[in-house]
Amino acid sequence: MHSWSQPLLYELKDFRKFLRLCQVFDKNAGRLVPFVPTAVQLRLADCLLTERRVIILKARQIGASTIIRAYFTWKALVSTEPLRLGIMSYTHESATYLHSLDKSFVESLPASMKRKLDSATARTIKFKDTGAELRSFTAGMKGGGTRSYALSDLHLSEFAHYDDQEEVLSNAVSTVGEGGQIVIETTANGPGDKYHQLVTEAGENGWTLFWSPWFEHAAYAKQARFGLNNCTHMTQPERQLKSKWNLSSDQMYWRRTMIGTMGADKFSQEYPATPEEAFTATSKSYLQPKHLEGVEIKGGPASGPSKEIYLVPVEGFEDRPLVLGVDVAAGNGHDYSCITAIDIEIGQPVFHYYCNDESPSRISERILNMCEKWDIKSVLVESNGMGGIVLQRLRDFGLDKHLLWKTEDGNDWTTNKWSKLKALEELRGRLEDGNIKVMWRGLADELALLVTGQKGTAPRAAKGHHDDIVISTALAFIASLGIPSIANRSIKDSMMQRWKLQCKLDRRRSQPLPWKIANL
């Protein structure tokens, strides 16, 4: 049993009162000082006390990990059971640092609250009387190192930077169980990963989102110097943001200096003003957020080994004039085979099928069944790789040769860096022209994770992600090009208008200016 006096026990039982006993290292002072939580940290503390699944989206350096470590240390201290509370971080160094916060909180307790320790190592703190334990892990270990280690609660720090978020989270949920607590704390690392999915679906997936924008933190301000020396006055967009978020000039000046140092893309990711901004595409992305503005995103993300997605009512689907784009994989559980159907009258993707466990022969049979059920006008399957097997099988089945897409020279489609770029540019052009009004979330997620190619290569999926749905959709648009339709005519009209406008601009640029430009 604990030997604490009742007043001290009362102080320890209340988490907010416990925080008054904690000390943290002040880099400026070079010593331990009393921990004075900010309003944001206290708001996070309330969330930790009430929710079992907490996912935190935040700006950098707001002290979230400090308050979480204080909370976990407090849980270990007040427990009368041998709880095992884990902290996992992306690297060994960061895991060690976070574990050092636990040690600091334990060691800074008043002498009357000191507890005998069974062990105190670089990775473990274990109390002798209750057996309650605080333990650190590194995400780089297999399964995050928790696969064979039962935990009651777990703090996942910098989760968005883990190499295998899916596996780590699966192991975390398994080891903690339904009754345990999991806290995910991180800055964003781009769109489309598991962390982005958890944030987007928070409230519906059992997770509670704790969100804190950069301007909630008093440290993120700098004495404004707009209009002084070589610093220009606040721009119109800056004034609009200042008004929108009710910011001070000092906050806006800090924002400008940070963007000048790290760039706008990195600033939005590290110091977001909205949850959406945290996942804004970077300059390496093939598409930018503007490309999906006005597009209605329907359905959930791609998940599981296979799925059929209808974006229009199934009733009457067989009467729609369709073209198919097909991207074929080996069916060995890795890359996906995808079939996309586009309604050529409206110029919209209306159906997707994807799977990672069907052989090319099975995919051939599926395409043949679609051609028998639906009004298919053209089918484009790449001829290289596994697609060649599908094409040959379709011909063996006796599929009408006029349905199989051919180039003007009578050849099958071969995917290389140039033809892939051509197909992707066709898809991007449809988005830029506003012709695509509705899109499946699985396609939108893949588009967000397309990155520009290097050294002449075509755009590709970001590391660890897929672009199979994108490719099948792009191929379907290529297949639709030679088929007259209302949608295609409107697209051609739009292209002609753009060409006329460009010619007019070129003529104007070639004319001499009617004024002189002063030397600056």
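This is a predicted model: local features need pLDDT of at least 70, side-chain atom pairs count only at pLDDT 80 or more; totals for chains, interfaces and linings use all residues.
Local features need pLDDT of at least 70, side-chain atom pairs count only at pLDDT 80 or more, and totals for chains, interfaces and linings use all residues. Residues are numbered from 1 along each chain as its sequence is written, and side-chain values use heavy atoms, with hydrogens and water left out.

Helices (H or I, at least four residues) and strands (E, at least two) are DSSP runs, numbered from the N terminus. Strands of a sheet pair through backbone hydrogen bonds, either parallel or antiparallel. Here eight strands make an open sheet with mixed pairing, in the order 5-6-7-4-8-9-3-10; two strands pair if DSSP finds at least two bridges between them. Strand 5 (117-120) and strand 10 (208-212) are at the edges, each with a single partner strand, so one side of each has no neighbour in the sheet. Strand 4 (residues 84-89) and strand 8 (residues 153-157) run parallel and are joined by four bridges. Leu-85 has Asp-153 in strand 8 as its bridge partner.

Helix 4 (residues 64-78) and helix 5 (residues 92-107) have axes that come within 9 Å and cross at roughly 55°. Axes are lines fitted to C-alpha atoms, for helices over the stretch in contact, and angles run from 0 to 180 degrees between N-to-C directions. Residues Ser-65, Thr-66, Arg-69, Ala-70 and Thr-73 of helix 4 meet Leu-98, Leu-101, Asp-102, Phe-105 and Val-106 of helix 5, where contact means heavy atoms within 4.5 Å. Helix 4 also lies across several strands, including strand 3, and runs at about 160° to strand 9.
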